[in-house]
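Dear colleague,

Please find below the structure that I am handing over to you, with its sequence. The findings follow directly after it.

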Amino acid sequence: MMKKILIAACMIGTLASCTATERGTAIGAGSGAIIGGAVTNSWGGAAVGAVAGGLVGAAIGQSSERRGYCIYRDRYGRRYEARCR
């Protein structure tokens, strides 16, 4: 049951993500949760795996984006890319 929930969450997170950093974070967190839960057979292990995987995935995703540019949101929630402040 736990694996099905984690797989569904991973798929939803991946589909909802837009930037490479967000995709990397979602994929890393989902993969880490699955691996952590399978190895330790506990929710705690899945949580630790999700955090660790999310951090690594974000770092990998961020390295593939344009250097010196960041993704911002305006007050209406729209995303735009501009030089980092």
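Asn41 lies in the loop between helices α2 and α3, the latter covering residues 43–63. The model is a predicted one, and in it Asn41 is exposed, with a relative accessible area of 68%. The backbone of Asn41 deserves attention: its phi is near 60°, which is a positive value in a residue other than glycine. Asn41 comes after α2 in the chain.

Helix α2 itself comprises residues 20–40. Does its length agree with what its number of residues leads one to expect, or disagree? At 1.5 Å a residue, the 21 residues of α2 should span 30 Å, and the end C-alpha atoms are 29 Å apart, so the two values agree. The expected span is 1.5 Å times one less than the number of residues.

By contrast, Ile34, which is found in α2, counts as partly exposed because its relative accessibility is 28%. The C-alpha atoms of Ile34 and Ile7 are separated by 7.6 Å, although the two residues are 27 apart along the chain.

Helix α3 holds Ala50. Which residues does Ala50 touch, not counting residues up to four places away in sequence? They are Ala29, Gly32 and Ala33. Ala50 itself counts as partly exposed, at 23% relative accessibility. Ala50 and Ile35 lie 15 residues apart in sequence, and their C-alpha atoms are 8.7 Å apart in space.

The loop between α1 (2–16) and α2 contains Thr19. Is Thr19 buried or exposed? Thr19 counts as buried, since its relative accessibility is 13% and the limit for a buried residue is under 20%. From Thr19 to Gly61 there are 42 residues in sequence, while the distance in space is 8.1 Å, C-alpha to C-alpha.

I turn next to the two strands. Strand β1 (residues 69–73) and strand β2 (residues 79–83) run antiparallel and are joined by five bridges. Tyr69 stands opposite Arg83 in β2, and Tyr72 stands opposite Tyr80 in β2. The hairpin of β1 and β2 has five residues between the strands, and there Gly77 takes a positive phi near 90°. As a general point, the side chains of a regular strand alternate between the two faces of the sheet.

How many aromatic pairs does a search of the whole structure find? The search finds one. The rings of Tyr72 and Tyr80 have centres 5.8 Å apart and planes at 35°, so the pair is tilted. The reasoning rests on two cut-offs: planes under 30 degrees apart would count as stacked, and planes over 60 as edge-to-face. Tyr72 is buried, with a relative accessible area of 19%, whereas Tyr80 is partly exposed, at 35%.

The count of salt bridges also comes to one. In general, side chains of opposite charge can pair when their charged atoms come close. Here Arg78 forms a salt bridge with Asp74, and the closest N and O atoms are 2.9 Å apart. Arg78 counts as exposed, with a relative accessibility of 51%, while Asp74 is partly exposed, with a relative accessible area of 23%.

Finally, some values for the protein as a whole. Its secondary structure comes to three helices and two strands, which follow the pattern α-α-α-β-β along the sequence. Of the 85 residues, 27% are buried. The protein exposes about 5,900 Å², and carbon and sulfur atoms supply 65% of that area. Among contacts between residues at least 6 apart in sequence, 39% join residues at least 24 apart.

Note on methods
Residues are numbered from 1 along each chain as its sequence is written. This is a predicted model: local features need pLDDT of at least 70, side-chain atom pairs count only at pLDDT 80 or more; totals for chains, interfaces and linings use all residues. Side-chain values use heavy atoms; hydrogens and water are left out. Rings of Phe, Tyr and Trp (its six-membered ring) pair if their centres lie within 6.5 Å; planes under 30 degrees apart count as stacked, over 60 as edge-to-face and the rest as tilted. Buried means under 20% relative accessible area, exposed over 50%, partly exposed in between (1.4 Å probe, protein chains only). Helices (H or I, at least four residues) and strands (E, at least two) are DSSP runs, numbered from the N terminus. Two strands pair if DSSP finds at least two bridges between them. Contact means heavy atoms within 4.5 Å. Accessible areas come from the Shrake-Rupley method with a 1.4 Å probe; for residues, only the protein chains shown count as cover. A salt bridge is a side-chain nitrogen of Lys or Arg within 4 Å of a carboxyl oxygen of Asp or Glu.
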